[in-house]
Number of protein chains: 2
Amino acid sequence: MTDAIAETVRLPIGPVDLTTIETDAAPGFSGTKSDGKAALAEIADDLAGLQERLWAEGTSGSRRRILLVLQGMDTSGKGGVLRHAVGLIDPQGVRITSFKAPTDAELKHDFLWRIKKGLPEAGYVGVFDRSHYEDVLIAKVRGYAEPEEIERRYDAINDFEAGLAAEGTTIIKCMLHISPEKQKERLKARLDKPEKHYKYNPGDLDERAHWSKYQNAYEIALERTNTDLARWHVIPSDKKWFRNLAVAELLLATLRGMDLQWPLADFDVEAQKQRMFDETPPA
Amino acid sequence: MTDAIAETVRLPIGPVDLTTIETDAAPGFSGTKSDGKAALAEIADDLAGLQERLWAEGTSGSRRRILLVLQGMDTSGKGGVLRHAVGLIDPQGVRITSFKAPTDAELKHDFLWRIKKGLPEAGYVGVFDRSHYEDVLIAKVRGYAEPEEIERRYDAINDFEAGLAAEGTTIIKCMLHISPEKQKERLKARLDKPEKHYKYNPGDLDERAHWSKYQNAYEIALERTNTDLARWHVIPSDKKWFRNLAVAELLLATLRGMDLQWPLADFDVEAQKQRMFDETPPA
């Protein structure tokens with residue numbers, strides 16, 4: 001089942017038309033919501049086991065790591081994926097970096113400067129909650145950068161990601177794809193519940209008014225940066241349970257594909273056993 | 001039940017004799033191992049709910065945060081606590097900092113310099129996997145600092161922690177307390193299983209040989225730095241399930257004691273609802 005989901009959400013290289021990708025589908029999965037939740041719980045052990053191997057490799061000199069990039073419109077569920085999919089992994093081996101609007105200090109640097117500071121170390125699963133893609137999405141829609149600069153950034157991103165891949169980073173890029181109706185429903189729910197008011201920002205409606213421009217900016221960004229070394233996945237995300245399952249399955253499929261090995265001891269195991277056998281017990 | 005465990009593991013202020021604290025006990029809990037695991041699962045929702053409030057407060061200007069300090073001999077289970085207790089919390093709101101042997105660059109600064117860089121931001125649950133206490137533990141046992149410098153550090157730590165408390169940090173300090181026999185059993189298990197070799201370091205046996213010196217250094221450190229603002233807890237940790245439950249219960253009791261409130265909206269909720277009602281649906 002794993003590979004089925006991972007394969008159906010992988011975006012083919014070439015032109016992108018998001019209107020042809022359903023937001024409320026569950027491609028590659030034939031079960032119900034409760035089947036989906038059960039499937040997520042079932043892969044938790046495999047995920048945790050493989051992540052420990054990645055971590056173990058990192059302790060013995062391997063340069064390998066994973067970078068999961070999460071993008072999507074407001075309320076598409078980046079936080080939910082962190083909680084329910086990434087949350088299945090040992091928190092010691094996870095590094096989450098959330099990118100908000102750049103600060104004045106960050107704006108004085110190239111757009112990738114702050115991104116590079118948030119990269120995971122060897123052995124880690126790094127997760128970007130928003131990313132350098134904001135610099136070709138909101139920056140394009142809102143005109144925060146000139147068209148020539150936006151143009152330059154697509155290539156800069158591809159070079160940057162190719163460099164990460166060469167250094168040992170396996171990149172998984174996900175766009176959490178929702179409908180405008182689903183966004184409205186979720187924004188409304190935030191307004192209706194006082195305990196969710198903290199998640200609501202009046203600016204969310206301003207961005208929402210530019211929905212089609214954002215979809216267009218996503219289509220261009222996805223097309224221009226969908227490379228063999230850093231593939232995009234479009235995750236139908238109207239169904240929260242499918243969204244969480246799909247990202248977890250993608251992580252699992254990625255870890256499986258890495259052929260991770262437990263490192264060999266760099267010490268004499270038998271000698272250490274003997275030493276422990278011979279020791280005077282500590283008081 | 002919660003408060004029972006949290007209270008029994010709290011170290012009274014005054015002289016400390018670790019030999020009087022059992023390592024394989026389950027104080028404040030009357031159930032079996034499987035009861036303990038069930039109790040841990042049962043508090044997960046409460047923990048997550050209160051942590052979200054802490055997070056929400058942080059988004060609206062509160063300075064409050066939690067710092068959980070984990071100390072203990074090798075194999076005492078700091079990693080297990082991170083996985084099974086801290087792992088219950090939304091990973092977005094957790095910041096784990098692991099302190100290894102200081103680098104040459106770090107050694108050029110005061111011992112607290114690198115510690116301060118790892119502190120959690122407002123709204124976070126920060127966790128130190130080892131901490132500034134190493135600077136009065138291994139540093140004392142192995143003579144990495146002069147006795148006068150060690151002496152200075154106890155007071156420096158108390159001043160530092162008092163400052164954190166004044167800034168809004170609730171500090172929970174835990175010593176995971178195991179017997180030397182349990183450590184031997186766990187080290188041996190690491191040698192017996194090839195997939196655990198990566199966790200074994202021949203230096204572990206060198207440190208183990210100084211067991212009683214370490215216990216003595218812990219007793220002094222615990223006594224000197226056990227303050228009302230930053231209280232120590234000694235967690236019997238021979239039983240992994242109790243150790244995990246105890247730390248989770250401590251976190252929960254701490255969050256409960258903070259009287260966390262959902263922030264009030266800083267916008268006009270009704271006006272936003274109207275705006276959403278009036279909008280032209282995005283294409």
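Angles under 35 degrees count as roughly parallel, over 145 as roughly antiparallel, 65 to 115 as roughly perpendicular and the rest as oblique. This is a predicted model, in which local features need pLDDT of at least 70, side-chain atom pairs count only at pLDDT 80 or more, and totals for chains, interfaces and linings use all residues. Residues are numbered from 1 along each chain as its sequence is written, chains are lettered from A in the order in which they are written, and side-chain values use heavy atoms, without hydrogens and water.

Start in chain B, where helix H7 (residues 147–166) packs against helix H10 (residues 211–224) at an angle of about 40°, the axes being 10 Å apart. H7(B) and H10(B) are therefore oblique to each other. Where do they meet? Contact means heavy atoms within 4.5 Å, and by that rule Glu151(B), Tyr154(B), Asp155(B) and Asn158(B) of H7(B) meet Ile220(B), Ala221(B) and Arg224(B) of H10(B).

Next, find Pro120(B) in the loop between helix H5 (113–117) and strand S3 (125–129) of chain B. Its relative accessibility is 4%, so Pro120(B) counts as buried (under 20% relative accessible area, with exposed over 50% and partly exposed in between, using a 1.4 Å probe and protein chains only). Among the residues that Pro120(B) touches are Arg65(B), Leu67(B) and Gly126(B).

Finally, look at Tyr133(B) and Trp232(B), both buried. Tyr133(B) lies in the loop between S3 and helix H6 (138–141) of chain B and Trp232(B) in strand S5 (residues 230–236), so their pairing ties together parts 99 residues apart in sequence.

Key:
Axes are lines fitted to C-alpha atoms, for helices over the stretch in contact, and angles run from 0 to 180 degrees between N-to-C directions. Helices (H or I, at least four residues) and strands (E, at least two) are DSSP runs, numbered from the N terminus. Lists of a residue's contacts leave out its neighbours within four places in sequence.
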